[in-house]
Amino acid sequence: MSHEQRIEEANNAVLAIRKSVDKEFYPHYHIAPYARSMSAPCGMIYFKGLYHVFYQHQPFAEESGPMHWGHSTSENMIHWRHHPIALAPGEDWDRDGCFCGSSVAYDDRLYVFYTGHHWLTDIADDSQIYQVQCLAISENGFNFEKRGIVVKPPAGFSHFRDPYVWFQDGRWWMVCGGRDSKDQGQLLLYSTDDLEDWDDSTFMILSKSEDRNVYMWEHPCFFPLQRHQMLMFSPQGMQPEDYMFRNRYQTGLLMGLWRPNATFSVTSAFKKLDLGHDFYCAQTFLTRDGRRVFIGWLDMWDTNMPTKQHHWTGMLSLPRVLLVDEATGRIRTPPIKELESIRGNHQYLPRQTVRDNSQVRLLFDCTSYEVRVLFDMEKSTAEKYGLWLGRGLEIYVDEQSKRLVVNRHYPNYGISGYRSYALPAQALLLVHAYFDMSSVEVFVNEGEAVLSTRIYPARKDRTLSLFAANGTAHITRGDIWALNQSVMQ
Amino acid sequence: MSSQAQQRAPAYAPRGTHAERLAAADREAAARWDSSTNCTWYPDYHLAPHTGWMNDPTGLVHFRDHYHVFYQYHPYSAEWGPMHWGHLTSEDLVHWQHEKAALAPGDACDRDGCFSGTAVVHEDRMYVFYTGHFVLEAATPSNPDAIFEQQCVAVSSDGVNFEKLGAVVRPPPGYVHFRDPKVWQQDGRWWMVCGARDVTKDLGQLLLFATEDLLKWDDTNWQVLGMTEDKNVFMWECPDYFTIGSREDMKLLLFCPQGKKASEYNYRNRFQNGYTVGQWTPGGPWRVQREFRELDRGHDFYAAQTFLAADGQRRMLMAWCNMWESPMPTKQYGWSGCLTLPRELSYNEATGQLRMLPARELVGLRTPEMMIVPTLLVENNNDAQILANCTAYELDIAFNMETSTAEKYGLWLGSGAELYVDAQSKRLVLNRHYPQHMLSGYRSCEMPTGLLLQLHVFIDRSSIEVFVNNGEATFSSRVFPDEGDRALRVFSVNGTADMVGGTMWKLKATVRH
């Protein structure tokens, strides 16, 4: 079967199951698969007037199966269209999966670098794999011609994936996540003059995990931002400690210094990009006007995913801008401003006090909404105050632990627990929340911290309220916008 | 007893004799009981008023082969109002019988309320000391709360019918809030402590009076036995003062400070109930040696009072299982308030900790319906149902904390209450979330040390009491599951939970009306 035939077969499988997709939790303005499963975003790029987002896609099942590349495009990063599958596995070099990768535009063509995955045994055994970096090229961004392997793994690296390619100082560079025979996560660097011809016998280890627990670095993106060199990546194996690193795997940043032919000199501690329950495999790209934007997978491995029974799983986060304050080195990740274009009806919240042990209903049916509330923490006396969405989601200031908490409780799905952020010292707290049908993304103080979490409220349990328990809550002001649908359903 | 300036007692127009007022209260309660239709949250085995409002337990005593529990009682509505004394009795601390109301306000000594107090047995008669409360016409600079409180006594030869004998201790100058007498006998004399709040400094205090004649007190001769060091605390309520440990001069003061500022996880209830320990001999000062500690970590524990068991040895305790200014969903059904189970106290002199355990008599609550909870390893993001409809149950289970890896694991009661180990904050958490009743929030304690987390849990229709590791910590909280939302499940989030197993009993309905 040819690549084109495999793509057609996969697309037909998606179209067939599409008829059975239950839309109860399907997002209105987040990218999600047409049907079946989605995980990491990859190959994101602005090319020929369109933003392209590819993603890891399993067209034949919600759970396991060979990885394909699903595809969506947008002119503005807001209105997204579904497209046929871009890559299907099945060649010698990617027999068992087209894993993650990245895109570059060169000579008016789109070059996609991705990992070809092989199981070395008949069953899927994560310790018996062979992974290589491959290339596919497209003239139009939709139809790809596979060119085969460009980089083979060095000796001792069975986990070797997720290539990120860029152009610098007249040369092409590639970093890949690797896991060596000592089970240590690291970053491998390759370089070439010719984008289609890489000498994989010459490589250097750019960086290694200092945390011995970390056995793999996934989804590396390596790029300059102002005067810093940034590594955005997803380490596996970090041990939880107190409130930190509570997800199965993490995604975050290391800041440092790098010049070609030198190692990556890390100058900052690992900083998580998102503190919520469901954020992994972020990848970054440059917008048309040069902003550094990233999107993550809005889910987490090894968690219950109620939409499996609806015949789809996975969605992507909103695009966020990566900003670093030049003076302080502080990272902020606010949502892109283009999101304002899908705002519908507006409701203004004047200054008000939520009385002791009371709630103020804001929305009867909070489906796709943007909610901004400025809380005065100095004047508020409540033990617990914030927002309730139905019975299952609370976003609140917890005076006991002095944290902003996103707590979800859907015991019927076996989903429960909280993620939190240490309250900043200042008096005002801006909670900016984007609600969609099965997600909330909470931006604190303009992206100083973000918490992204999947939520599964019952149809009649979507009332959004301000509340104050055991004391009062002072709201300086607030805004609520209904958000128009912007993703093809 | 507690009352706030914003919760001033309504005007009360007493009429008729005391006996007539008691009969009127009982008729009203009987009529309201007959007309009440929803018993969703009415307890099977906890003490609650027939109808109407209950708060502090008062006058707890064993007298003539019966345990007597009186309580602050408003028979005419489910809100706090003119305080009567309600009454229940039991022979065994398990089976309880409602009695007629014991005290009704409206006499010269207690016109606007029979507030909290205590009982002593003397010469085969029961003497109850209680606070007579008055609402005055207007506030004055020396009396901004416009109240008057004095200590009164009533006597009974049968424990059911009481004869009021009038005021015995009037407030000293400078004290307006002056209530909740505790009376005991020591060294051939009778002693009384009362909670107080002075007018000039608004500090919570303990006032001491003494007499040789139980009915004749010289209230001009008194002592400030204790005073708050925490300047935020404006009142000490419901003092209970007794010998603890092996030396008679070691005294434990169990009391309810009002005004404590919440700090992190501590003092999160509207008002607290805890204890200090110190040294006191009659005639001298009370030297505090152990600072204030909260007695219970739950949402709903206040006005605890102690009494001696029938054996004369064990000190027992009951408290009001509610909290001031907390929403009380049962009001819509015409009643509010219940008491905790009776608990046995024990004191560790080395650590200064007072522990509570369920009274041993409570095994009598168990029906023959006993279930073994098997050893269970709950897998990642999974749960196991152990009861479909958990109404009135006792369970005694344990988790192996060493082998459990979950971020969050424990028990779910319906969708609104959870008792769990929180690996993030390293605390044991009791969380309740009933947003429709405006009840939401958690109480917690530090993780116990050691391998096993032993949870001895009593669940009734609207309450949960958790005894952790043999009373190392206790939680008392009201919970309000909807009908059909009472499944009890063991759960594990982001990891596994290793439940060692245990035993579970269905409990009887043991309160007769």
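The structure is a predicted model, in which local features require pLDDT of at least 70 and side-chain atom pairs count only at pLDDT 80 or more, whereas totals for chains, interfaces and linings use all residues. Residues are numbered from 1 along each chain as its sequence is written, chains are lettered from A and ligands numbered from 1 in the order in which they are written, and side-chain values use heavy atoms, without hydrogens and water.

An automatic or database domain assignment divides chain B into domain 1 (18-358) and domain 2 (367-507). Taken over C-alpha atoms, the centres of these domains lie 31 Å apart. Contact (heavy atoms within 4.5 Å) involves 35 residues of domain 1 of chain B and 39 residues of domain 2 of chain B. Four salt bridges occur between the two domains, a salt bridge being a side-chain nitrogen of Lys or Arg within 4 Å of a carboxyl oxygen of Asp or Glu. The side chains of B:Arg461 and B:Asp44 form a salt bridge with an N to O distance of 3.1 Å.

Chain B also contains an open sheet of four strands, ordered E9-E10-E11-E12 with antiparallel pairing; strands are DSSP runs (E, at least two residues) numbered from the N terminus, and two strands pair if DSSP finds at least two bridges between them. Strands E9 (175-186) and E12 (222-227) of chain B each have a single partner strand, so one side of each lacks a neighbour in the sheet. Five bridges connect strand E11 (residues 204-211) of chain B to the antiparallel E12(B), where B:Gly226 is the bridge partner of B:Leu206.
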